[in-house]
Amino acid sequence: MEAPPPFASSSSSSLFSLRNKPLSSPTITHFGNTKPSKSFSVRASSSRDSVVTLLDYGAGNVRSVRNAIRFLGFEIKDVQTPQDILNASRLVFPGVGAFAAAMEVLSKTGMDEALCSYIDKDRPFLGICLGLQLLFESSEENGPVKGLGLIPGTVGRFDSSNGFRVPHIGWNALQITEDSGILDDVGNHHVYFVHSYRAMPSDDNNEWISSTCDYGDKFIAS
C-alpha cells in the first residue's frame, strides 16, 4: 500500500486546509500559491518565506510533525506568545491530548483569541488531529466542552453499537469533496487514522469541508 506524503496522515481527522467563512466566493488557503493547481507544492522555496510557525502547547510529542516540516525544507518557529500566532506567515497546530485540557491551555494563555483572529483573516493554517477538532463549537469528550466555535458542529465519539471498533485505527480512503492544493498528492489514496472522536458533516459546515471518510458513518477528514 502506498504511503501518504508528509502531512497526509495524522492521529485523528487527517488534515485541514482551512478556508474562512465566505463573504462572497470563498477561497481555500494553504501553503503556497493562492490558487490550487496540479503544480502546487508544499516544499519551501528560496524565493519566499520558508518559516512555519508551530503551535505546540506542550501536551504531547509532536516530533513527527517537526520532522515532516523540516523534510519539506521549512524552518520552524515555536509559538511562545499569542503575538507569535498573529505574526505567523503560516501556522501548524498539531493538537495532542484531551479537548478540555487543550481549551484550558489556549484560554489561559490568550492563544484562543489569537487563533480565532488569525483564522478569521483566512490565513494559511493546518490543524492536525485535535488541532482540527478544537475549531468546532464543542466536543462531547468529557463534556460537553466549548470549543473555539469557528466551524459549526460538535465533535462526538464514534458509535460502536454498529459493530465498528473504537478507536478508529488504520488505513482508510479519503473522498475528496473540494479541490485543494494540499490534497493534490493524496487523491483517493488511503491515509492513516488513530482517533475515537470525529466531527460530522452537515448543511451548516459543508462549505468548510474538503474531504470526508467513512467509518460506520461519514465524518469530516479535512
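Biologist: Which side chains does Asp-56 meet in a salt bridge?

Modeller: Asp-56 pairs with the side chain of Arg-66, at 3.6 Å from N to O. A salt bridge here is a side-chain nitrogen of Lys or Arg within 4 Å of a carboxyl oxygen of Asp or Glu. This is a predicted model, in which local features need pLDDT of at least 70 and side-chain atom pairs pLDDT 80 or more, while totals for chains, interfaces and linings use all residues. Residues are numbered from 1 along each chain as its sequence is written, and side-chain values use heavy atoms, without hydrogens or water.

Biologist: Where do the two partners sit?

Modeller: Asp-56 is in the loop between β1 (51-54) and α1 (63-71), and Arg-66 is in helix α1. The pair links distant parts of the chain, 10 residues apart. Helices (H or I, at least four residues) and strands (E, at least two) are DSSP runs, numbered from the N terminus.

Biologist: How many salt bridges does the structure hold?

Modeller: Three.

Biologist: Switching to helices. At what angle do α3 and α4 pack?

Modeller: About 90°, and their axes are 5 Å apart. Helix α3 covers residues 99-109 and helix α4 covers residues 111-120. The axes are lines fitted to C-alpha atoms over the stretch in contact, with angles from 0 to 180 degrees between N-to-C directions.

Biologist: So what do you call that arrangement of α3 and α4?

Modeller: Roughly perpendicular, a label for 65 to 115 degrees.

Biologist: Which residues meet there?

Modeller: From α3, Leu-106, Ser-107 and Thr-109; from α4, Met-111, Asp-112 and Leu-115. Contact means heavy atoms within 4.5 Å.

Biologist: What is the phi of Asp-122?

Modeller: Positive, about 60°, although Asp-122 is not a glycine. Most residues other than glycine have a negative phi, and most peptide bonds are trans.

Biologist: Where is Asp-122?

Modeller: In the loop between α4 and β4 (125-129).

Definitions and conventions. Angles under 35 degrees count as roughly parallel, over 145 as roughly antiparallel, 65 to 115 as roughly perpendicular and the rest as oblique.
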